[in-house]
Amino acid sequence: MPSGCSIRALWIINNQDAVVFSRKFPVVEKRWRSAFNTSDGSDPPRLPTDQQLATAFTQRKRREGSARGYGLRVVTQSTKGSDSWLDDPITRHIISLPLSSSEEDDDNNESNENDEMNILWPIVIQSKGLYCILVLPLVEPKEMRDFVSLCDRSDCGSAVGEDLSLSSLLLNMSSITGALMVAHSFGDVTSGETVEPEVVVAASPSVGGLFDSLTGSIGISSRPRPVAAAPVASSSSSSGSSLTGAAALDAPKAGLLDKDLLRNFIASAMPFGTPLDLSLSNIFAMKANGFSSAEPPHQDLKQPAWKPYLYKGKQRLLFTIHETINAALYDRDEIPDSVSVAGQINCRAELEGLPDVSFPLAGLSKAHIESISFHPCAQVPAHGIDKQNIVFQPPLGNFVLMRYQAGCGLGPPVKGFYQLSMVSEDEGAFLFKVGLMEGYKSPLSMEFCTITMPFPRRRIVGFDGTPSAGTVVTTEHSVEWRVLGSGRSLSGKSLEATFPGTIKFSPLKSRRRGDGDDDDSDGEGTENVVNVEEVLVQKMNKDLPAVEMEEPFCWQAYDYAKVSFKIVGASVSRMSIDTKSVNIYPTTKSPVEYSAQVTSGDYILWNTLGKAPSAAVV
């Protein structure tokens, strides 16, 4: 956890804009007030009540267009002092909430010099499922005043050569990194998504054991499978059965918010507002088992916080590179395609004691790494043009050793184009032409590939078309082309396929307001009520209004097809790990295994004949 990080308060807001959970930390708040008193003798306002916070959050959504807001200044909507007035996209993730003294001030959106500290900032916002998690870290009085001065600036964005900008201000604040980690952890807890990162190895018997019962299995199959949790040294062999029930009671519940779990998580992970260990599996293990005194580490060795228990059993070291490809393919000369890779190295070290592991990371120059970050247990003492040496003391279980952003060195695995032309408001003709795994060689293998045409606002009543490869499945609101079905892999060769067809929709009827209350009219129920913009969308040949930045795909102002696939065998960024170069100290005879898999993220084929958003290259 970054040094100097303390949390003043946090709130969890549901999709009805109501605060369903909050926690304030008086010790940190006392430090905040003391810092202002020492700085200029001022007395900053107290933290808002849950109702005041919910009101301010709701008003911000109305002012900024959504919970996260536009992030950029909008002439017709941005007001002085608002987040979008700062004209920095980072305000979509780190927001401010003005706390005006009266409703009239809120409606007028006016800034008062005497109320400059009636602003909650910086608030890190994390959306997960039905909830928004708001985390307010402790900052210095000077940083707060710098932000207020930025809010009062009349110019748009940051001037060239200017030292003070919102992004530069936040990058110099260590508390922001800690608050982001806290928000992410609480998002996982509230949504129940606390599964360890996947580490894939060849099929083998389950290791089972005590820690398996504490953290839970990720999954087992006859094919190469993700690994379950590891056994740990324990003072009592009979404690495993009792721990299973204790851990089960504490497991996150999906759907309803488990407030007791949140309180227990806060008490263990960040007592008095200072984050210590945000690993939920570690907290469950410590709560259920305590700190075992069996086989303690040597007195000269310091046991790190991320490894409260020592492993006991058969030793091995596992690495998995997991990459996600995001792409926007336009098939247009005037718009370049965009392809990027988000990758991470997942690790699992079933090693006894407190060993150090080191290995050189090769392929950095070929991978065109844009950004890179490491787990707190890792050190990177040596840098090179094409090689980077990593030394780490691994925690128990599966963990993410490294994250990175890179280019797709092998090119997009799925190329081609998608065309959709609406011959009428209720009928369209489409054509796909795609190429799979062009330029990809063994051991890279594509396990499946699916292309989906979504129509969430139209109901499909007729479809006609036969692809040159694969099968087709239709639903009321989508057409799914399974180019490469599961069980049929593609390795060492490419595949070209076409898919022409026609599609018919249920009639789109428009009803003016006040023209009657006949709810039994034919068509698509509530979807019959459309506005002028939606009609223009369906006609395809009219000028379309720009979609909102918040959820562009859901507005259906543009037509697209989404590609889903999985590739195994190696990474597409050319990032790799040489298992023969991995060193473990003290030396042990432990096998080292390596695997790689690539999955699709937002992999979009934009309609060549329609409108499509794109970013200008400068």
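Author: Helix 4 (residues 141-151) lies across strand 3 and strand 4 (119-128). Its direction is about 85° to strand 4. Contact here means heavy atoms within 4.5 Å. Axes are lines fitted to C-alpha atoms, for helices over the stretch in contact, and angles run from 0 to 180 degrees between N-to-C directions.

Reader: How are helices and strands assigned, and what kind of model is it?

Author: They are DSSP runs numbered from the N terminus: helices are H or I with at least four residues, strands are E with at least two. This is a predicted model, where local features need pLDDT of at least 70 and side-chain atom pairs count only at pLDDT 80 or more, while totals for chains, interfaces and linings use all residues. Residues are numbered from 1 along each chain as its sequence is written, and side-chain values use heavy atoms, with hydrogens and water left out.

Reader: What order do the strands take in the open sheet of 5?

Author: The order is 2-1-5-4-3, with antiparallel pairing. Two strands pair if DSSP finds at least two bridges between them.

Reader: Which strands stand at the edges?

Author: Strand 2 (19-24) and strand 3 (94-98). Each has a single partner strand, so one side of each lacks a neighbour in the sheet. The twist averages 25° from one strand to the next.

Reader: How many bridges join strand 1 and strand 2?

Author: Strand 1 (residues 7-13) pairs with strand 2 over 5 bridges, in the antiparallel sense. W11 has S22 of strand 2 as its bridge partner.

Reader: Back to strand 4. Is K128 buried or exposed?

Author: K128 is found in strand 4. K128 is buried, with a relative accessible area of 15%. Buried means under 20% relative accessible area, exposed over 50%, partly exposed in between (1.4 Å probe, protein chains only).

Reader: What does the side chain of K128 make a polar contact with?

Author: The side chain of D188, at 2.7 Å. A polar contact is a pair of N or O atoms within 3.5 Å; within protein, one must be able to donate a hydrogen and the other to accept it, and residues adjacent in sequence count only if both atoms are side-chain atoms.

Reader: New topic. Which residues of helix 2 are buried?

Author: L53, A54, A56, F57, Q59, R60, R63 and E64. Just after helix 2, G65 takes a positive phi of about 95°.

Reader: And how many disulfides?

Author: The structure holds 0. A disulfide is a pair of cysteine sulfur atoms within 2.5 Å. C151 is buried at 3% relative accessible area, and C449 is buried at 0%.
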